[in-house]
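Hi,

Here is the structure I promised to pass on to you. Have a look at it first, and then read on for what turned up.

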Amino acid sequence: MEKKIAAIFLAHINPLTVSHESIIQNLLQNYSVYIYPVRFLKDGIEVNTRSFPFSYEIRKQMILESFNYHRNIHVLGDYAFLSPYIQYFPPFVSPAFKRLKNKIILNVRENSFITYTGDRAERVLLSLFGFNPVKANRQVISSTNVKNLLYKSVLFSENLTPNLESKSDELKWHEFVSPKVGQVIEDNWETIINFSNTKDETIRVIGMKFPKNGFI
């Protein structure tokens, strides 16, 4: 990996998993790390769904507490799509997409940077827009896996699926997040309860997920 001064990590991080933490820890060995948990805003209010249950502030807390407020970790909210999200397409010519890129780069204090993403489609877009993405593999433990276990845990606790498999799943999610993240999740358990029985109100466009609410 070519050594640069800063690393930009664009991700959903919903929630922060041990795979995320491993990526960030590795980046910290060579870079000052700028982490941008994606946000979707409609009329200035963050849109959360079953796929994106935790707010930006909760995800920021997960990251900072997990790394003991490391001085080389900067968590920023400027990776924010403003409704209507369709304005960011097609990304190659969209003025809104270009503004988003410039807003992200503006925060980087170092003279040079690379970006990290485990998503192939995002890596192509980042390359086309001069974000200098490094080659990376998708996480072994994804946020989607953890969310599914969290929702199963709620169903188990409500005795909606009282069987041994559900009991096993109820315990498994703790294995895929750090203890500090686990505590943040438990402190915000009402969020998981609220989304556990809802539909996945998202759509996928060019490999990226967006909330249906506010897309058009």
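Strand 3 (residues 39–42) pairs with strand 6 in the parallel sense, over 3 bridges. Please keep in mind that this is a predicted model. Along that pairing, Phe-40 sits opposite Phe-81 of strand 6, and Leu-41 sits opposite Leu-82 of strand 6.

Strand 3 also pairs with strand 4, this time in the antiparallel sense and over 2 bridges. Here Leu-41 has Glu-46 of strand 4 opposite. Strands 3 and 4 form a hairpin with 2 residues between them, and Asp-43 in that turn has a positive phi of about 55°.

Put together, this gives an open sheet of 3 strands in the order 4-3-6, with mixed pairing. Strand 4 (45–46) and strand 6 (80–82) are the edge strands, each pairing on one side only.

**The nonpolar cores**

The largest nonpolar core holds 38 residues, and those touching the most other members are Phe-9, Ile-24, Ile-35, Met-62, Ile-73 and Ile-185.

How do helix 5 and helix 8 pack, and at what angle? Helix 5 (residues 143–157) meets helix 8 (residues 189–196) at about 85°, and their axes are 9 Å apart. The two helices are therefore roughly perpendicular. From helix 5, the residues in contact are Leu-150, Tyr-151, Ser-153 and Val-154, while helix 8 brings Trp-189, Ile-192, Ile-193, Phe-195 and Ser-196. Sorted by class, this contact has 7 nonpolar and 2 polar residues, and no charged ones.

**One more residue to look at**

Finally, do look up Thr-115, which lies in strand 7 (residues 113–116). Is Thr-115 buried or exposed? With a relative accessible area of 0%, Thr-115 counts as buried, because the cut-off for that is under 20%. Its contacts, not counting residues up to four places away in sequence, are Ile-8, Leu-126, Phe-131, Asn-132, Pro-133 and Val-134.

Methods. Residues numbered from 1 in each chain as written. Predicted model: local features only at pLDDT ≥ 70, side-chain atom pairs only at ≥ 80, totals over all residues. Heavy atoms only, no water. Pairing = 2+ DSSP bridges. Helix = DSSP H or I, 4+ residues; strand = E, 2+ residues; numbered from the N terminus. Buried < 20%, exposed > 50% of the residue type's maximum accessible area, 1.4 Å probe, protein only. Contact = heavy atoms within 4.5 Å. Core = buried A, V, L, I, M, F, W, Y, C linked by side-chain atoms within 4.5 Å. Axes fitted to C-alpha atoms, helices over the stretch in contact; angles between N-to-C directions. Parallel < 35°, antiparallel > 145°, perpendicular 65-115°, else oblique. Nonpolar A, V, L, I, M, F, W, Y, C, P; charged D, E, K, R; others polar.
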